Amino acid sequence: MEPSGIVTLLTDFGRDGPYVAAMKGALLAVNPRVVLVDGTHDVAPQQILQGAFLLDAYWRYFPAGTVHVAVVDPGVGTPRVGVAMLAGSHYFVGPDNGLFSYLGRLATHVVRLVPGRHTRPEVSATFHGRDVFAPVAGYLSRGERLDALGERQSGVHVLAEAWPRRQGGQHRGTVLHVDRFGNLITNFRGEDLTGAAGVRLGRRVISRRVRTYADAPVGEPVWLVGSTDWVEVAMRDASAAQYLRVGLGDEARVE
Amino acid sequence: MEPSGIVTLLTDFGRDGPYVAAMKGALLAVNPRVVLVDGTHDVAPQQILQGAFLLDAYWRYFPAGTVHVAVVDPGVGTPRVGVAMLAGSHYFVGPDNGLFSYLGRLATHVVRLVPGRHTRPEVSATFHGRDVFAPVAGYLSRGERLDALGERQSGVHVLAEAWPRRQGGQHRGTVLHVDRFGNLITNFRGEDLTGAAGVRLGRRVISRRVRTYADAPVGEPVWLVGSTDWVEVAMRDASAAQYLRVGLGDEARVE
Amino acid sequence: MEPSGIVTLLTDFGRDGPYVAAMKGALLAVNPRVVLVDGTHDVAPQQILQGAFLLDAYWRYFPAGTVHVAVVDPGVGTPRVGVAMLAGSHYFVGPDNGLFSYLGRLATHVVRLVPGRHTRPEVSATFHGRDVFAPVAGYLSRGERLDALGERQSGVHVLAEAWPRRQGGQHRGTVLHVDRFGNLITNFRGEDLTGAAGVRLGRRVISRRVRTYADAPVGEPVWLVGSTDWVEVAMRDASAAQYLRVGLGDEARVE
């Protein structure tokens with residue numbers, strides 16, 4: 001796959017430190033012509049599944065051949081594996097800890113990165129975003145082949161919590177993300193709610209479905225299939241998260 | 001007007017979600033050579049007038065022919081109109097809900113967008129930033145003509161609150177924005193205060209005028225004509241907003 | 001030094017206002033082909049030393065010839081001096097108030113900016129980031145010579161607090177930065193702790209050293225030489241800043 005020359009970055013580093021800029025510098029040092037786009041840097045600290053969701057919500061809108069670096073990496077400095085891969089005609093680079101859970105089925109070519117190959121000459125124990133993943137992304141964006149970066153492996157780590165589990169008559173999922181409007185995004189798809197009474201969050205079952213936010217009556221939580229194709233719970237001009245007292249990682253249930 | 005190849009983006013989406021990146025992907029899919037610049041994504045949720053102020057405070061510093069996309073869009077999915085226009089040798093794209101209030105007088109060529117033309121093939125009910133406004137901005141940045149994007153209309157919607165109203169002997173305005181230093185930016189111009197005792201915010205009349213922040217005495221709120229050309233109220237090394245207990249959308253009055 | 005065509009920006013303006021975008025517009029108006037990268041805009045308001053630290057933590061990873069603009073500028077509008085300089089094969093532009101403390105020894109060529117030269121035609125009293133430093137950075141990124149921008153001076157202002165002071169048997173330093181994980185970054189180097197019992201923060205001496213975050217035992221603060229080469233105090237899956245009740249600018253001591 002021909003690279004598009006674009007690299008996106010997702011991290012849990014926040015924007016108030018020097019870490020994102022250091023990664024971008026390391027990337028530009030390898031490929032000064034690359035176009036950098038921020039995914040987000042506000043993944044909650046070490047929330048791998050939220051990172052997986054956020055990445056999944058934007059990568060497909062970029063041109064084919066774009067490289068997406070993702071670093072939510074609580075295991076940095078331990079022998080956990082870093083990977084680079086091709087999935088759905090895009091490239092992905094990051095730790096193999098579940099960040100690529102939603103890409104597992106699409107991954108056609110995965111390599112585990114070999115320390116020292118295409119990385120910065122000195123690799124720190126605490127910052128592989130700058131010293132490993134950014135340079136590797138830089139090389140991919142210049143056309144380097146995956147097989148030059150590491151050794152083939154057969155797939156990527158998929159978190160058990162990525163998809164809802166059936167248990168008895170119930171379907172247990174989770175809240176993947178709370179956006180700034182207070183909308184609660186779950187890991188259910190629209191079809192999971194076919195025939196169901198609604199989705200339970202906390203002590204409440206949300207049963208009214210709407211097409212768009214403006215269709216919601218004031219004061220009542222509703223559900224919709226949002227722009228990310230997941231079932232989300234929202235309120236008109238209010239925060240569903242606050243109203244329901246539900247947050248990131250809490251359980252969502254279909255009964 | 002020849003496009004500059006630059007597109008700026010202003011939204012109320014925040015930076016912690018996938019929405020801004022999805023918009024940028026959709027834009028780069030149309031024009032992979034575009035240069036993207038963030039205006040801000042921290043407009044308070046659904047605060048159209050604040051969005052109008054923020055856009056007005058930066059667009060003019062960019063090269064002529066720059067495209068500015070703005071999406072603060074509580075009416076998404078309802079039959080509200082989207083527009084693209086030329087104003088002051090720059091292009092603007094977004095919902096016609098008052099976001100372009102401060103550009104109304106400069107607008108020389110306005111078109112209402114036609115759903116399906118130059119948009120993504122599937123337009124969601126909840127995310128026209130990604131599915132409509134970003135692709136339209138991409139086409140404009142590549143040189144597409146306005147008339148190819150939609151049908152002419154005669155102007156844009158201007159919010160009544162955009163400018164102060166005269167009422168009896170008073171001049172009633174509003175706080176457009178509170179910046180991170182706690183400075184309160186009003187919709188008065190310097191000349192509105194000629195001969196006046198000062199500007200009233202909450203229970204206090206601020207009468208001392210300074211030229212720059214460092215000229216303010218400690219502990220006393222002052223006013224100045226700030227870098228955005230609006231009258232702002234500030235305190236030295238302190239937050240005027242906290243001290244006066246005044247915030248976004250509160251009334252400002254000249255007596 | 002040949003410019004790389006890249007400019008980074010560090011400010012204390014925050015991302016919720018129009019100020020960063022206005023700076024970028026002013027820069028692109030001078031050099032529409034420049035590649036802009038955000039350092040950070042979340043330096044705590046007017047915290048010059050934190051700004052100096054953050055800049056120091058990323059500039060060296062960019063290609064040689066990159067221009068780094070830094071604006072933390074409480075003295076804007078007063079007769080404080082603005083500078084442009086070459087240090088370590090990179091360019092730097094900003095107020096000469098200590099922001100470049102960690103670059104002082106590397107600076108080989110410093111000029112004080114002359115108001116009106118290579119600035120916007122009208123220079124406001126409150127926003128030299130947009131009206132002076134951004135355009136100057138634009139000209140540098142296009143290859144303008146330093147001597148064309150102003151008059152030589154012999155060095156830059158270095159803050160006394162930038163480095164720890166020896167006092168009696170003690171070595172007194174400071175907390176330069178608290179990152180979003182709650183890690184406390186001090187202005188000690190690893191060698192400063194050779195033979196010492198540890199580093200004192202608040203009422204606690206942190207004596208256990210680790211190589212990487214994952215090596216820390218749960219519930220106990222540790223120190224390590226972090227990715228920025230400074231000594232930092234961290235906790236596993238917790239905020240050392242909250243646990244120790246220590247923050248930006250607080251004292252750190254080696255005994």
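Trainee: What makes you say that chain C and chain A meet through different surfaces?

Mentor: In this predicted model, only 8% of the interface residues of chain C are also interface residues in chain A, so the two copies use different surfaces to meet. For chain B and chain C the corresponding share is only 7%, and therefore these copies also meet through different surfaces.

Trainee: How do you know that chain C and chain A are related as by a three-fold rotation axis?

Mentor: Chain C is superposed on chain A by a rotation of 120 degrees, with 0.0 Å of shift along the axis and an RMSD of 0.0 Å. The two copies are thus related as by a three-fold axis. Within chain C, the C-alpha of C:V35 is the one nearest the axis, at 4.9 Å from it.

Trainee: How many residues are in contact between chain C and chain A, and what area do the chains bury?

Mentor: With heavy atoms within 4.5 Å as the test, 26 residues of chain C are in contact with 31 residues of chain A. The area buried between these chains is about 2,400 Å², and carbon and sulfur atoms give 59% of that area. On the side of chain C that touches chain A there are 13 nonpolar, six polar and seven charged residues.

Trainee: How many salt bridges cross that interface, and how many residue pairs in polar contact?

Mentor: The salt-bridge rule asks for a side-chain nitrogen of Lys or Arg within 4 Å of a carboxyl oxygen of Asp or Glu, and across the interface of chain C and chain A the rule finds zero. For polar contacts the cut-off is 3.5 Å between N or O atoms, and nine residue pairs are found, both residues being at pLDDT 80 or more.

Trainee: What are the counts where chain B meets chain C?

Mentor: There, 27 residues of chain B are in contact with 31 residues of chain C. The count is zero salt bridges, alongside nine residue pairs in polar contact. The side of chain B that touches chain C has 13 nonpolar, seven polar and seven charged residues.

Trainee: Why is the space beside B:W59 called a cavity, and what lines it?

Mentor: The name applies because a 1.4 Å probe fits in a cavity but cannot get out, and a search of the whole structure finds one cavity of 30 Å³ or more. About 30 Å³ of space lies in the largest cavity, whose lining includes B:L55, B:D56, B:W59 and B:F100. By class, the lining has seven nonpolar residues, no polar ones and one charged.

Methods
Residues are numbered from 1 along each chain as its sequence is written. Chains are lettered from A and ligands numbered from 1 in the order in which they are written. This is a predicted model: local features need pLDDT of at least 70, side-chain atom pairs count only at pLDDT 80 or more; totals for chains, interfaces and linings use all residues. Side-chain values use heavy atoms; hydrogens and water are left out. Copies are superposed by least squares on the C-alpha atoms of residues with pLDDT of at least 70 in both. Buried area is the accessible area (1.4 Å probe) that two parts lose on being put together, summed over both. A polar contact is a pair of N or O atoms within 3.5 Å; within protein, one must be able to donate a hydrogen and the other to accept it, and residues adjacent in sequence count only if both atoms are side-chain atoms. Ala, Val, Leu, Ile, Met, Phe, Trp, Tyr, Cys and Pro count as nonpolar, Asp, Glu, Lys and Arg as charged, and the others, Gly among them, as polar. On a 1 Å grid over the protein atoms alone, a cavity is a set of points where a 1.4 Å probe fits but cannot get out, and a pocket is an open set with protein on both sides within 12 Å along at least five of seven lines; lining residues have an atom within 4 Å of a point. Grid points are joined across faces, edges and corners, and a volume is the space filled by probe spheres set on the points.
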